[in-house]
Amino acid sequence: MTLVTVLLVAAALIGLGVWGALAQQTFVMIMMGIELIVNGAILAGAGLWAFAAGGAPEGQVLVIIAMAVMAIEMGIGFALVVAVYRTRQADMTEGISSLKG
């Protein structure tokens, strides 16, 4: 696999994430889009590190730490969304439609 292939896949993930974050109405789908954006960025960083440093393990450790932090962050975010939904019985993205031009 070449660096161009890795960067194309990363760009596709980022593009899908941007579309998912901007085109959806529910907060869960927006968070999934943001997750795709971050995954694409991590994949691009890992690919650049692997091809620039010759596969040094420091880049792999950095990617694992970044993915663990991202998973914890998304878990907390989903828990907050569920807690707000249970108390208000409404989605927090109801006001987003009024922002569209």
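Colleague: Which residues of α3 are buried?
Modeller: In α3 the buried residues are G59, V63, M70, M74, G77 and V81. Buried stands for under 20% relative accessible area and exposed for over 50%, with partly exposed in between (1.4 Å probe, protein chains only). This is a predicted model, in which local features need pLDDT of at least 70 and side-chain atom pairs count only at pLDDT 80 or more, while totals for chains, interfaces and linings use all residues. Residues are numbered from 1 along each chain as its sequence is written, and side-chain values use heavy atoms, with hydrogens and water left out.

Colleague: What covers the buried residues of α3?
Modeller: The cover includes α2. Contact here means heavy atoms within 4.5 Å.

Colleague: How many residues does α3 have, and what is its reach?
Modeller: Helix α3 (residues 57–88) has 32 residues and reaches 47 Å from its first C-alpha to its last, close to the 46 Å expected at 1.5 Å a residue. The expected span is 1.5 Å times one less than the number of residues. Just after α3, Q89 takes a positive phi of about 55°.

Colleague: How many helices and strands are there in the chain?
Modeller: The chain has 3 helices and 0 strands, in the pattern α-α-α along the sequence. Helices (H or I, at least four residues) and strands (E, at least two) are DSSP runs, numbered from the N terminus.

Colleague: Turning to α1, which of its residues are buried?
Modeller: V6, A10, G17, G20 and A21 are buried in α1. Seen down the axis of α1, these buried residues fall within an arc of 95°, so they line one face of the helix. The arc is taken from the directions from the helix axis to the C-beta atoms. What covers them includes α2 (27–53).

Colleague: And which residues are exposed on the other side of α1?
Modeller: Those are V4, L8, L16, W19 and L22. L16 and W19 also form a nonpolar surface patch with L36, with about 310 Å² of accessible area together.

Colleague: What are patches made of?
Modeller: Patches are made of residues with over 30% relative accessible area and no salt bridge; like charges are joined within 9 Å, and nonpolar side chains (Val, Leu, Ile, Met, Phe, Trp, Tyr) within 5 Å. A salt bridge is a side-chain nitrogen of Lys or Arg within 4 Å of a carboxyl oxygen of Asp or Glu. Accessible areas come from the Shrake-Rupley method with a 1.4 Å probe; for residues, only the protein chains shown count as cover.

Colleague: What percentage of the chain counts as buried?
Modeller: Of its 101 residues, 21% count as buried.
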